[in-house]
Amino acid sequence: RDPKVFWYEPQKKWVMVAVLADERQLELFDSKDLKHWKLESTFGPAGDSEGQWECPDLFELSIEGTSETKWVLAVNRNPGAPAGGTGTRYLLGSFDGQKFTADETPTLWADYGKDFYATHRFSSMPAGDDRTVWMGWIGNWQYANKEPTVLWRGAQSLPRELHLRNVAGQLRMVQTPIAETEKLRNEKLLDTGSISVDEANQRLKKAAVHGELLEVEIEFQSASTGTMGVRLRKGPQQETLVGFSPSEKSAFIDRTHSGEAAFSKDFAGRHLAPVLNAKERKLHIYLDRSSVEAFVNGGEAVLTDRIYPSEESKEIEVFWDSPQAKVVSLRIWSLRSVWQGQKAHE
């Protein structure tokens, strides 16, 4: 299932990765001409005892701040993800052209939200562009066929650039929105320096910051304790929370009261991403009409969730439950539509 082909320069050949989905097994083939293929090795199930593997990929990434690289094997797992249902697992290791060998590391996930799956990496980037970029499907097979929408049932994430980073002594794949995403910025609605949470909310009200399409960058005081974050798509009885829980050493999205959720018992909930670097409290959030993508501490962890609030729930608010917490900076932009100037069906 889902073959992915790439050029392996050291041996001047094509390599194809595919999976036997129900057996949770990767198969590695190679070819000189894209016509005749030889099975070189297999890998798996790598501790997975049930479910399926889908949309595999194998690629090399540089480790930030070094001249070293590692190979990454991505397998999309259905079910078995941390938040339940579908998710994207990855393994670090080495590849010699025939065989992938995994390092001994804990089980790693590309996204700890409920709705990031079926990743696909872009091939044939423009000349001179050596970035590794992928995107995923914003959905979960626990309820994908039941979501309360018609025109946009199923969506793609923002394209994300991939790197490896040593975080608190542990190697992790980090994801950041590609630089071109900044072209979607419309009006800068707020830009503050160090400010209290109460002052931040006063500024938000004074500037009448609200909307369905927002980009939010917020940094909290690093030594702060207690739960802190932002309320998105806030209304009289609705809100989606994105923040930090230092006591749990985690970042989170809480969509318990995000809006319509009765269509599935698996939809509402609070989803946690482990945070290894306790010295940082940075969130970079993209809010779309029915999705939230939250990049934590420069992409150390990511959470992606669908939400279905009512149209009138459009407010944004900063929160914290510790008097020591303080906002270091807060920047918010409204966003243009990617469809601007085009017909929707195109």
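Is Asn 78 buried or exposed? Asn 78 is buried, at a relative accessible area of 17%; here buried means under 20%, exposed over 50% and partly exposed in between, with a 1.4 Å probe and protein chains only. A word on ground rules: this is a predicted model, where local features need pLDDT of at least 70, side-chain atom pairs count only at pLDDT 80 or more, and totals for chains, interfaces and linings use all residues. Residues are numbered from 1 along each chain as its sequence is written, and side-chain values use heavy atoms, with hydrogens and water left out.

**View 1. The whole chain.** The chain has 1 helix and 24 strands, taken as DSSP runs (H or I, at least four residues, for helices; E, at least two, for strands) and numbered from the N terminus. Its C-alpha trace spans about 65 × 45 × 40 Å along the principal axes. With 346 residues, a compact globule would have a radius of gyration near 20 Å, and the chain's 21 Å agrees; that radius is taken over C-alpha atoms, and the globule rule is 2.2 Å times the number of residues to the power 0.38. Of the 346 residues, 53% count as buried. Take the contacts (heavy atoms within 4.5 Å) between residues at least 6 apart in sequence: 59% of them join residues at least 24 apart.

View 2. Asn 78 sits in strand E6, residues 69–78. Setting aside neighbours within four places in sequence, Asn 78 is in contact with Gly 51, Gln 52, Glu 54, Thr 86, Tyr 117 and Trp 141. The peptide bond from Asn 78 to Pro 79 is cis, with omega near -10 degrees. Pro 79 itself belongs to the loop between E6 and strand E7 (87–95).

**View 3. Another cis proline.** From Gly 44 to Pro 45 the peptide bond is cis, and omega is near 10 degrees. Look for Pro 45 in the loop between strand E4 (38–43) and E5.

**View 4. The largest pocket.** This one holds about 910 Å³ of space. A pocket, on a 1 Å grid over the protein atoms alone, is an open set of points where a 1.4 Å probe fits, with protein on both sides within 12 Å along at least five of seven lines; lining residues have an atom within 4 Å of a point. Grid points are joined across faces, edges and corners, and the volume is the space filled by probe spheres set on them. The lining counts 32 residues, with Trp 152, Leu 213, Asp 288, Arg 289 and Ser 290 nearest the centre. Strand E20 (282–288) and strand E21 (291–296) each supply at least two lining residues, and E20 gives the most, with 3.

**View 5. The second largest pocket.** Its volume is about 540 Å³. Of the 21 residues that line it, Phe 6, Trp 7, Phe 59, Glu 60 and Arg 121 are the closest to the centre. Strand E1 (4–8) and strand E5 (52–62) each bring at least two residues to this lining, with E1 giving the most at 4 residues.

View 6. Asp 2, in the segment before E1, has phi near 55 degrees, a positive value in a residue other than glycine. Asp 2 is partly exposed, at a relative accessible area of 29%. Lys 12 isn't a glycine either, yet has a positive phi of about 50 degrees. Lys 12 lies in the loop between E1 and strand E2 (13–20) and is partly exposed, at 46%.
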